[in-house]
Amino acid sequence: MVTPMDTLSRLEATIRARRDADPASSYVAKLTAGGRRRMAQKLGEEAVETVIAATADDRRGTISEAADLLFHLTVLLADMDVSLADVLAELDRRDGVSGLTEKAARASES
Ligand SMILES: N=c1c2ncn([C@@H]3O[C@H](COP(=O)(O)OP(=O)(O)OP(=O)(O)O)[C@@H](O)[C@H]3O)c2ncn1[C@@H]1O[C@H](COP(=O)(O)O)[C@@H](O)[C@H]1O
């Protein structure tokens, strides 16, 4: 059975391998050549497109835009040499801590 993490790990490896390819034949290489600001801009665009699809209750569109969003996030993370494992470790660290509890702790610190 293919798990979501298998898919993301394979995508991460593909993206890292394609960064130095010819921008004429690789979209990842084209994004990389465009620089981090361009990558971040694309990520923002895909986030907005995901929001638009979700608020229109467009399930098929939301799946498609969320796939673009995850792809562009993985491209940006690779550029920063941040691995998916780094992000997952942060999520594991938060496991079991309610967002409301964490927010209340931040408020009492300030
Ligand atoms: N998963 C993806 C993937 N998802 C989305 N996209 C591209 O992301 C872009 C989405 O942005 P837009 O909708 O704004 O499209 P656009 O107008 O063409 O984009 P821009 O010209 O503005 O950059 C499209 O060009 C999609 O084709 C992807 N491009 C590549 N991959 C993966 O990356 C691998 C390597 O790709 P190459 O580097 O092209 O070989 C592929 O085998 C796939 O596994």
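Predicted model: local features only at pLDDT ≥ 70, side-chain atom pairs only at ≥ 80, totals over all residues.

Mentor: D81 lies in the loop between α4 and α5 (84-94). Its backbone deserves a look. D81 has a positive phi of about 55°, yet it is not a glycine. Most residues other than glycine have a negative phi.

Now go to the loop between α3 (36-55) and α4, where D57 sits. D57 is not a glycine either, and it has a positive phi of about 60°. D57 is exposed, with 8 other C-beta atoms within 10 Å.

Next comes D22. Its place is in the loop between α1 (4-18) and α2 (27-34). D22 is exposed, since 10 other C-beta atoms are within 10 Å. From D22 to K103 the separation is 81 residues in sequence. In space, the two are 45 Å apart, C-alpha to C-alpha.

Last, the ligand. The residues surrounding it are L11, T14, R18, S26, Y27, V28, A29, K42, A67, D68 and F71. The elements α1, α2 and α4 (59-79) each give two or more residues to this shell. By class, the shell divides into six nonpolar, two polar and three charged residues.

One holds the loop residues D22, D57 and D81. The other holds the ligand shell, with L11 and F71 among its residues.

Notes:
Residues numbered from 1 in each chain as written. Helix = DSSP H or I, 4+ residues; strand = E, 2+ residues; numbered from the N terminus. Buried ≥ 20, exposed ≤ 12 C-beta atoms within 10 Å, placed from the backbone. Near = placed C-beta within 6 Å. Nonpolar A, V, L, I, M, F, W, Y, C, P; charged D, E, K, R; others polar.
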